[in-house]
Amino acid sequence: MPITPATATHSSSNGTTEAVLLELVDEHGVTIGTAEKLAAHQAPGQLHRAFSVFLFDEHGRLLLQQRALGKYHSPGVWSNTCCGHPYPGEAPFAAAARRTYEELGISPSLLAEAGTVRYNHPDPASGLVEQEYNHLFVGMVQSPLRPDPEEVHATAFVTPAELAERAAKDTFSAWFMTVLDAARPAIKELTGPSAGW
């Protein structure tokens with residue numbers, strides 16, 4: 001699997017630094033161009049394609065990750081299992097599976113599409129803006145985690161009640177509740193009524 005940089009740039013085969021590009025989209029999710037990653041997130045933000053993954057264990061608990069403290073955007077906050085941006089031309093499903101492996105060292109089981117959601121969330125701490133057309137995915141964790149410390153500071157499996165407790169005391173990403181609420185129908189279908197989602 002290709003390895004994605006933890007920062008906004010990477011070295012190309014000829015040794016030069018190359019910008020990471022995101023797909024810009026219209027309100028219907030149709031690709032209309034590309035933009036450099038940081039530029040797309042600077043106010044007022046450019047609408048771009050993203051994905052969010054929600055993985056659960058056999059007990060129906062959601063895997064959260066705390067973003068690495070060195071990340072330029074939303075460092076140290078808690079968020080869903082994995083989120084990111086497809087490369088231009090990369091299918092969101094493939095990007096979701098790739099980034100989950102790169103960040104957490106696992107390949108999701110039963111990964112399934114869970115719809116899309118469009119939002120505009122400014123992040124007061126950084127001044128960056130999440131203008132995203134987000135593809136949602138749900139699935140299962142069935143192997144031990146091997147988080148990349150450049151990407152992930154900590155992980156936790158939580159029930160809905162434990163998530164509510166954490167939300168009252170911990171800082172979560174600006175987009176977390178929006179993507180969680182949008183994915184709830186698929187989450188309930190995957191985890192069953194007893195999990196409480």
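1. Basis of the note. This is a predicted model, in which local features need pLDDT of at least 70 and side-chain atom pairs count only at pLDDT 80 or more, while totals for chains, interfaces and linings use all residues. Residues are numbered from 1 along each chain as its sequence is written, and side-chain values use heavy atoms, with hydrogens and water left out.

2. Overall form. The protein chain holds four helices and 11 strands; these are DSSP runs, numbered from the N terminus, with helices being H or I of at least four residues and strands being E of at least two. The C-alpha trace spans about 50 × 30 × 30 Å along its principal axes. The radius of gyration is 16 Å, which agrees with the value near 16 Å for a compact globule of 197 residues. That radius is taken over C-alpha atoms, and the globule rule is 2.2 Å times the number of residues to the power 0.38.

3. Of the 197 residues, 50% count as buried. Buried means under 20% relative accessible area and exposed over 50%, with partly exposed in between (1.4 Å probe, protein chains only). Among contacts with a separation of 6 or more, 65% come from residues 24 or more positions apart; a contact means heavy atoms within 4.5 Å.

4. Charge. There are 13 positive and 22 negative side chains, and the centres of the two sets lie 3 Å apart. Lys and Arg count as positive and Asp and Glu as negative, while His and the chain ends are not counted. The place of a charge is taken as NZ of Lys, CZ of Arg, CG of Asp or CD of Glu.

5. Lys-71. This residue sits in the loop between strand 6 (62–67) and strand 7 (78–79). Lys-71 counts as buried because its relative accessibility is 15%. Its side chain makes a polar contact of 2.6 Å with the side chain of Glu-151. A polar contact is a pair of N or O atoms within 3.5 Å; within protein, one must be able to donate a hydrogen and the other to accept it, and residues adjacent in sequence count only if both atoms are side-chain atoms. Apart from neighbours within four places in sequence, Lys-71 is in contact with Glu-150 and Glu-151.

6. Tyr-119. Strand 9 (residues 109–122) contains Tyr-119, which is buried at 4% relative accessibility.

7. Leu-110. Strand 9 also holds Leu-110, whose phi is near 55°, a positive value in a residue other than glycine. Most residues other than glycine have a negative phi. Leu-110 is exposed, at 61% relative accessible area.

8. Ala-35 is buried at 9% relative accessible area, whereas Gly-33 is partly exposed at 24%. Setting aside residues up to four places away in sequence, Gly-33 touches Leu-22, Glu-23 and Leu-24. With neighbours within four places likewise left out, the contacts of Ala-35 include Val-20, Leu-21, Ala-40 and Gln-46.

9. Glu-90. The loop between strand 8 (82–84) and helix 2 (92–104) carries Glu-90, which is buried with a relative accessible area of 17%. The Glu-90 side chain reaches the backbone nitrogen of Tyr-87 at 2.9 Å. Not counting residues up to four places away in sequence, Glu-90 touches Glu-23, Ala-95 and Arg-98.

10. Cis peptide. The bond joining Ala-43 and Pro-44 is cis, with omega about 5°. Most peptide bonds are trans. Pro-44 is placed in the loop between helix 1 (37–41) and strand 5 (48–56).
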